[in-house]
Amino acid sequence: MTVNIQIEGVPQVKAFLSAKSKEALNRAEDAIKKAGFYIQGEVVESIAGRKAEPRSVDTGNFMKSILAIFPNKLSANIGCNKYPVAYADVLEYGTSTRKPRRHFSNTKTRNEKKVKDFVEAEIKKIG
Amino acid sequence: MAITSVASATFMSDTINLIRDKIKNNVTDPIASIRPGNEKFCLTSYPKRPCTYPIITITDRGTIQQGRLGMASEGTVLSIDIEVRIWARNVRERDELTQQVYDYLRTNQLDTTTGLSDSNLHDFSLMSAVNVDEPGEAGIRSKVCEYRFLVIIS
């Protein structure tokens with residue numbers, strides 16, 4: 001006796017999963033973009049003195065130099081264009097004679113959960 | 001009193017003091033024989049008065065609750081970021097001390113009596129190491145290392 005098992009709908013399931021995974025990737029990419037620009041804004045607000053850190057605005061060059069760069073689909077780098085603002089490290093970390101201001105690291109700690117929320121909210125939109 | 005483990009009620013101070021003690025006892029002070037008696041090699045804040053370099057500062061850089069231990073549990077998992085900053089007289093001294101600290105922390109995680117995991121500091125990770133050098137020949141060379149640990153609070 002021979003038992004013949006035939007699973008129907010395999011190509012359709014494969015196509016469905018493939019479409020969903022592409023959608024998930026697109027959603028994650030959107031979330032990373034949103035989170036990147038959000039963190040950029042938060043760092044600028046921190047420099048402007050709207051957060052717990054000391055205000056670091058004199059000429060406005062530092063505040064204007066904050067950039068969000070997206071090296072690939074699923075990562076974002078928030079940093080400072082160091083060409084006009086070579087003193088960014090000193091402001092962030094302090095020296096033996098200056099107190100650190102921690103605009104970047106405090107923003108990171110404050111918003112680590114928020115970044116996860118951005119990704120979670122986008123992924124939940126997948127139908 | 002020496003801290004041997006991170007307790008739930010005092011997790012912040014315990015973590016800082018434990019790491020300070022571990023570094024103090026296991027990293028060699030290059031000027032131990034000539035350091036003034038009223039100065040320390042390992043500190044838990046940036047020095048406010050003139051001091052003799054090199055020094056190592058261990059400070060808290062923020063805490064994030066990663067999750068709860070269960071739906072009906074009051075226990076949590078926290079990630080604690082610790083900054084270990086090496087302040088040295090030259091680049092070589094800065095890098096050698098950084099290597100010693102990293103090597104000690106990396107190789108003393110899983111020991112059953114003195115390991116960091118046994119002291120409730122799990123999942124050791126070096127998040128970043130950034131150089132901040134002050135200008136001039138006599139400028140202080142420093143390296144800001146950020147370490148992350150997971151702590152179970154129950």
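Q: How do E1(B) and strand E2 of chain B run where two bridges join them?
A: In this predicted model, the sheet of chain B is an open one with five strands in the order E1-E2-E3-E5-E4 and mixed pairing. E1(B), residues 42-43, is an edge strand and pairs on one side only. Cys42(B) stands opposite Ile56(B) in E2(B). The two bridges join E1(B) to E2(B), residues 55-68, and the direction is parallel.

Q: Which helix of chain A lies across E2, E3 and E5 of chain B?
A: Chain B has its own helix on the sheet: H1(B), residues 11-26, touches E1, E2, E3 and E5 of chain B, at about 140 degrees to E2(B). The helix from chain A runs at about 15 degrees to E2(B), and that helix is H4(A).

Q: How many residues does H4(A) give to the side of chain A that touches chain B?
A: Overall, 13 residues of chain A are in contact with 20 residues of chain B. The elements of chain A giving two or more residues to that side are H3 (88-93) and H4 (103-124). The largest share comes from H4(A), and that share is six residues.

Q: Which residue of chain A forms a salt bridge with Arg148(B)?
A: Charged residues make up six of those on the chain A side, alongside five polar and two nonpolar ones. Across the interface there are four salt bridges. In the one made by Arg148(B), the closest N and O atoms are 2.9 Å apart, and the partner is Glu112(A).

Q: What is the area buried between chain A and chain B?
A: Tyr93(A), Ser96(A) and Thr109(A) lose the most area in chain A, together 39% of what that side buries. Carbon and sulfur atoms give 48% of the total, which is about 1,300 Å².

Methods
Residues are numbered from 1 along each chain as its sequence is written. Chains are lettered from A and ligands numbered from 1 in the order in which they are written. This is a predicted model: local features need pLDDT of at least 70, side-chain atom pairs count only at pLDDT 80 or more; totals for chains, interfaces and linings use all residues. Side-chain values use heavy atoms; hydrogens and water are left out. Contact means heavy atoms within 4.5 Å. Buried area is the accessible area (1.4 Å probe) that two parts lose on being put together, summed over both. A salt bridge is a side-chain nitrogen of Lys or Arg within 4 Å of a carboxyl oxygen of Asp or Glu. Helices (H or I, at least four residues) and strands (E, at least two) are DSSP runs, numbered from the N terminus. Ala, Val, Leu, Ile, Met, Phe, Trp, Tyr, Cys and Pro count as nonpolar, Asp, Glu, Lys and Arg as charged, and the others, Gly among them, as polar. Two strands pair if DSSP finds at least two bridges between them. Axes are lines fitted to C-alpha atoms, for helices over the stretch in contact, and angles run from 0 to 180 degrees between N-to-C directions.
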